Each structure stands twice: as structure tokens, then as C-alpha cells.
There are 2 protein chains.
Amino acid sequence: MRISDLSRLTGVSIPTIRFYLREGLLPPGQPTGRNQADYDEKHVRQVLFIRALTTIGRLDLASVRDLLAALDDPQLPLPDLYEAVNRVLVPPDGAIADPTELDQARSEVDRFVAGRGWLIQPDIPARDRFAAVLAALHRLGCEFGVDFFVPFADAAERLAVQELDLLPAGTTDPDRAAVVVRAVLLEVALGAIRRMAQEHIVRQRLG
Amino acid sequence: MRISDLSRLTGVSIPTIRFYLREGLLPPGQPTGRNQADYDEKHVRQVLFIRALTTIGRLDLASVRDLLAALDDPQLPLPDLYEAVNRVLVPPDGAIADPTELDQARSEVDRFVAGRGWLIQPDIPARDRFAAVLAALHRLGCEFGVDFFVPFADAAERLAVQELDLLPAGTTDPDRAAVVVRAVLLEVALGAIRRMAQEHIVRQRLG
């Protein structure tokens, strides 16, 4: 198909598709003449994929590029693919908290993680992100213990199980783009559900 | 105190504090001389507040400004304050999905919301955000029913109750800045917990 068909089928404008091509996010089509190329179903899927991640998924191009690189390697173990998603969703923050306060909050997080029996790497950004929140709340005098998060951690575990249950049983080679897009969009859906639930509870209790 | 003390106490650099002042995010201090002003405890809290929201909370300055405006009105009912937070955390997306697909997904979301008995406004961005995710998953062929989200919605409700329980019992005038900062940072902490839980489950099941 021509680029105009690719645009029509995906609902993504031709200039945006050209931009994806220029940026190397989308592989070039089969050349059919000067300034013309032929695109196929794979291009349709990839355009929809990039579009979903950058609009609804709210990822920047660098993050999309990282995810495409992970998808490009068919040998990458599935846990590493999930890790690539985790890295994109919670990138390292750099120095955003006072080191001493952060150290104290880090031990709290370590105890929380150990208490749950979570086997996770010691250096993933999510740990520091959680610690930075605890440290900031402490500093602002509106802290609460990590126990506050126990019911949510239960729900997060259940949800992760549900997410993995979406993989076809016994498959060793699931649709990896689907794995990525689901993981990213799920995060967005959950944020939206949280906001709706909160609005309901606030109205019920305070309205 | 002088601006240098304000900087020392908050750990925020003097140029950044001057930037907050210039942008009107921080009220000016009491003038004590040419190019000198006196700052107080309120300034300390406000600097920490802005800093926490823009770094760990990952909000842009426009969002912080919106939240400060909401905090500036002591008559604003508490539910409206929570709504201001919701608006900042899930801003309207504009047209990011195909209108027809979105309409279909919207009815799904409406049924989900009605099924939970949530009393929420019909036009809040979170509804459309959720619908946009469902529409995109559908389009990419990796959809799953809204029932998938039921356990998470349960957890989100419980968490909203827990969050309101943090308000001192019977108070009609809680610390509003604390309400805002907790709501914003909670969202960040939950994202981090989700990533940790997912890494654990992925390793347990696939690793």
C-alpha cells in the first residue's frame, strides 16, 4: 500500500508517518519508484503502536525508541521485555531528594519489600521513587507509614497476575508488541480508574 | 529570614527560589531594603510544596499554578479541591482517538461506572482517558473486557477511603496543602509499587 493508504488505515497523518520514518521509528517501505514506497500490514501495526504509546500512553519518543529496540530483539527473554517497560514507566529520577532523608526512607521501602517477599532487584528506579515520595511527605509533615500501602500492594500483585494470565497458556512466544502496549496502556487506565474512584468516594463522604 | 536561609532550610537553590518568585508561585517576602526581603515559615512550606510537586510529583508549572490557585481560595469546598487535583493528574486529552471507536468504548466505560454505582460527573477527563485506552487496545487487537479492572477498582475505592481517613476526624478545615501534596505523591508511590509488584510476579512466573 502507499503512504496515503497507511495514513487512511491508521488515522495518522502523512507528515506524522514521514516523521516516524525519518526518526527511524518505522522501517522504510519497499521502494517502488522515486519518492514512493510500498507499505504492508506490519507498518500499519507499527504506526498504531507508536501512536497509541505517544498519545494515550503519554510516552516521549525516547521511551518509544527504547521499547522498539527491546521488541526488535526476538531473543530477549520475556522478563527483560517487562523490565524495559518498567524502566520506561518509572525512569531514574536523579537527585531529587535529600540524600540523608532518602537513605532513611530507603530502609523503610526495603522493609516493605522484604515484608511482602518481593524478589526484585535492589537498584530498580521504582524503589527510589517510592522512597523519594516517603521522604518528601516526611519533610512536608504529612507522612503516613508504609503500611498504608499494603492493600494497594495486594491489588497490584493480583493485577500483575491477571496481566500475565492474558498471555496465551503455555506459549513461549507471545505477541510481544501486545505485551508492551498492554503494559503501558494499563497504567494509564488504572490512573483513570483511580481518579474516578476517588471522585466517587469524595462526593460520597464530603459532598 | 533571608533568601539564603530559605534556600538552606529547603535545600532549593537561590536561583530556583528567585524563579518561583518571578513566576508568582511564591508570594514576595517582606521588603527589608533594596533587593532584600524577609521570608517566613510559610515560604519554607510553600517552597517545599512546589519542589515536591515539580520533582517527585512530576507536575509542570502550569499544573502547580492551578493547584496553588485552588489552595488560595479558603472558601473552596474540599470536594472541589480534590477535583482540582484530579484535573491536574488526568488533564483532558483532546482528540487522540477515532470518534466512532471512542463512542463505543465510552458506553463500555459508562456501563462499568454504573455497575460500580460510582456517582461521578459525566464529563470528567478520567472517563474519556479510560475509554481511549479501551479503544486503542481494541484497535491494536489486544483488548480485554472492562471486567478485568474490577479488582483494581475495588482497591482504588478502598484506597480513596484510606486517603480521606487521613483527614483529622470531624475537621472542617484540614491542612489543604497537605491534602494536595498527599494526593499527588500518592499517585507516584502507587505507580512505583505497581512496577515493583509486577517485577516480582514476572520473575516468579516467567523468570
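Pro91(B) counts as partly exposed, because its relative accessibility is 25%; buried means under 20% relative accessible area, exposed over 50%, and partly exposed in between (1.4 Å probe, protein chains only). This is a predicted model, where local features need pLDDT of at least 70, side-chain atom pairs count only at pLDDT 80 or more, and totals for chains, interfaces and linings use all residues. Residues are numbered from 1 along each chain as its sequence is written, chains are lettered from A and ligands numbered from 1 in the order in which they are written, and side-chain values use heavy atoms, with hydrogens and water left out.

- Pro91(B) sits in the loop between α5 and α6 (99–116) of chain B. Helices (H or I, at least four residues) and strands (E, at least two) are DSSP runs, numbered from the N terminus.
- Beyond its neighbours within four places in sequence, Pro91(B) is in contact with Arg58(A), Pro125(B) and Arg129(B). Contact means heavy atoms within 4.5 Å.
- From Pro91(B) to Trp118(B) is 27 residues in sequence and 20 Å in space, C-alpha to C-alpha.
- His43(B) belongs to helix α3 (residues 41–54) of chain B. His43(B) is buried, with a relative accessible area of 8%.
- Leaving aside neighbours within four places in sequence, His43(B) has contacts with Leu6(B), Leu26(B), Pro27(B), Pro28(B) and Gly29(B).
- Gln30(A) is in strand β1 (residues 30–33) of chain A. Gln30(A) counts as exposed, at 56% relative accessibility.
- Gln30(A) is in contact with Gln36(A), Ala37(A) and Asp38(A), neighbours within four places in sequence left aside. Gln30(A) and Met1(A) are 29 residues apart in sequence, and 9.9 Å apart in space, C-alpha to C-alpha.

**How the chains are related**

**The nonpolar core**

- The largest nonpolar core has 157 residues, and Phe130(A), Phe149(A), Phe130(B) and Phe149(B) touch the most other members. Such a core is a set of buried Ala, Val, Leu, Ile, Met, Phe, Trp, Tyr and Cys residues joined through side-chain atoms within 4.5 Å.

- The largest pocket has a volume of about 1,100 Å³. Of its 38 lining residues, the closest to its centre are Arg58(A), Leu89(A), Glu187(A), Arg58(B) and Leu89(B).
- A pocket is an open set of points on a 1 Å grid over the protein atoms alone, where a 1.4 Å probe fits, with protein on both sides within 12 Å along at least five of seven lines; lining residues have an atom within 4 Å of a point. Grid points are joined across faces, edges and corners, and a volume is the space filled by probe spheres set on the points.
- α5 (78–89) and α9 (176–206) of chain A, with α5 (78–89) and α9 (176–206) of chain B, each supply at least two residues of the largest pocket's lining.
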